[in-house]
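This briefing is meant for a reader who is new to the structure shown here. It takes up cavities, then a pair of packed helices, then aromatic rings.

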Amino acid sequence: LNEKAKMYLRTFHNAKINLQDVCFYDLVPEKFLLDFYEVKNEITRFVFENYQKPKNYEFLKDLLFFLKRIEQRDLNLDLDFSKLDAKNGILKLDNCDTKILYNPWGTVTGRLTTDKSSFPILTLNKNLRGCIKPQNDAFVELDFNAAELRVLLGLLGEKQPDEDIHAWLGKNVFNDKFSREEVKKKVFAWLYNPNAKNKKLNEFLNRDKLYERYFHNDCVLTPFYRIIPVEKEKAVNYLIQSTSSDMLLTSAIKVDKILQNKKSFVSFCIHDSIVIDLSFEDRDAVDLLKNEFSKTAFGGLKTNLSLGKDFGSMTKIS
């Protein structure tokens with residue numbers, strides 16, 4: 001029945017039917033609707049009779065409403081789809097939607113993916129980012145400085161450094177022998193390889209404690225109440241990736257709620273950042289948005305703010 005529903009949607013898309021103007025339910029046979037929703041009713045009954053509400057239920061509910069609000073808006077795209085082709089190294093977009101359709105169930109860690117018919121915001125070639133324009137006056141991007149390493153410190157209960165974390169590690173672990181980019185590569189090569197050894201790095205980022213605290217019975221148990229079956233070799237990776245994602249989405253939901261009933265809105269999430277479509281009339285709220293975004297389960301995290309007239313020309317402000 002799900003496949004049949006998707007088939008109807010593909011048919012309407014190919015026929016250039018705008019579902020903002022015509023109701024999907026008026027276009028499909030009544031028998032299909034009755035069958036489809038009776039199965040949904042059976043699933044719902046089964047869940048309520050056999051499962052307890054998960055501890056992260058409120059978060060998941062808020063997340064679905066948040067992603068639905070993003071889905072309901074069309075992107076403001078300044079491009080001609082017909083001129084794009086894979087042969088020239090540019091992602092082909094002519095068959096995709098102008099909406100972002102996130103899938104919160106696409107990965108075991110909870111990191112967002114997008115549906116096939118979605119605008120490919122998560123995999124978009126950087127050369128094409130400039131085609132995404134704000135509907136208001138500017139884009140504001142908020143992202144955590146070195147999110148994964150700050151999550152690691154948070155998981156270990158360690159104090160967060162005020163400075164850039166890669167610079168901090170470069171100074172304290174590598175005695176300023178390497179560039180920021182080299183430090184970053186060395187740290188991640190060690191962090192996600194359980195066989196890699198670095199005594200001094202482990203003094204600052206005690207990877208071994210993560211297994212003691214969060215890996216039990218071949219499952220990772222995250223602070224956001226996710227239980228993820230995984231082999232030990234990938235446990236740290238899954239723990240940090242999942243926790244980073246839920247931390248970002250929790251902050252994104254807070255920002256989205258602040259912007260309710262304002263002209264500005266969260267346009268999309270990408271990797272470890274959110275992008276706000278900012279109206280000039282809401283400019284006084286930017287400091288509040290940044291402050292609330294930075295408040296996490298691990299305390300206040302250093303947050304970067306970037307500004308741009310399109311998504312391809314974002315300039316770091318603070």
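The largest cavity holds about 90 Å³ of space, where a cavity is a set of points, on a 1 Å grid over the protein atoms alone, at which a 1.4 Å probe fits but cannot get out, and a volume is the space filled by probe spheres set on points joined across faces, edges and corners. The model is predicted, so local features need pLDDT of at least 70 and side-chain atom pairs count only at pLDDT 80 or more, while totals for chains, interfaces and linings use all residues. Residues are numbered from 1 along each chain as its sequence is written, and side-chain values use heavy atoms, with hydrogens and water left out.

**Cavities**
- The structure holds three cavities of 30 Å³ or more.
- The lining of the largest cavity (residues with an atom within 4 Å of a point) comprises 14 residues, of which Asp74, Leu75, Gln135, Phe265 and Ser267 lie nearest its centre.

**Helix packing**
- Helix 9 (residues 207–214) and helix 10 (residues 232–258) pack at about 90 degrees with axes 10 Å apart, the helices being DSSP runs (H or I) of at least four residues, numbered from the N terminus, and the axes lines fitted to C-alpha atoms over the stretch in contact, with angles from 0 to 180 degrees between N-to-C directions.
- Helix 9 is therefore roughly perpendicular to helix 10 (65 to 115 degrees).
- Arg207, Leu210, Tyr211 and Tyr214 in helix 9 meet Lys232, Ala235, Val236 and Leu239 in helix 10, with contact meaning heavy atoms within 4.5 Å.

**Aromatic rings**
- There are 15 aromatic pairs, counted when ring centres of Phe, Tyr and Trp (its six-membered ring) lie within 6.5 Å.
- Phe12 and Phe24 have ring centres 5.9 Å apart and planes at 75 degrees, so the pair is edge-to-face (over 60 degrees).

How values were computed. 1 Å grid on protein atoms, 1.4 Å probe; cavity = no way out; pocket = protein on both sides within 12 Å on 5 of 7 lines; lining within 4 Å. Helix = DSSP H or I, 4+ residues; strand = E, 2+ residues; numbered from the N terminus. Parallel < 35°, antiparallel > 145°, perpendicular 65-115°, else oblique. Phe/Tyr/Trp six-rings, centres within 6.5 Å; stacked < 30°, edge-to-face > 60°.
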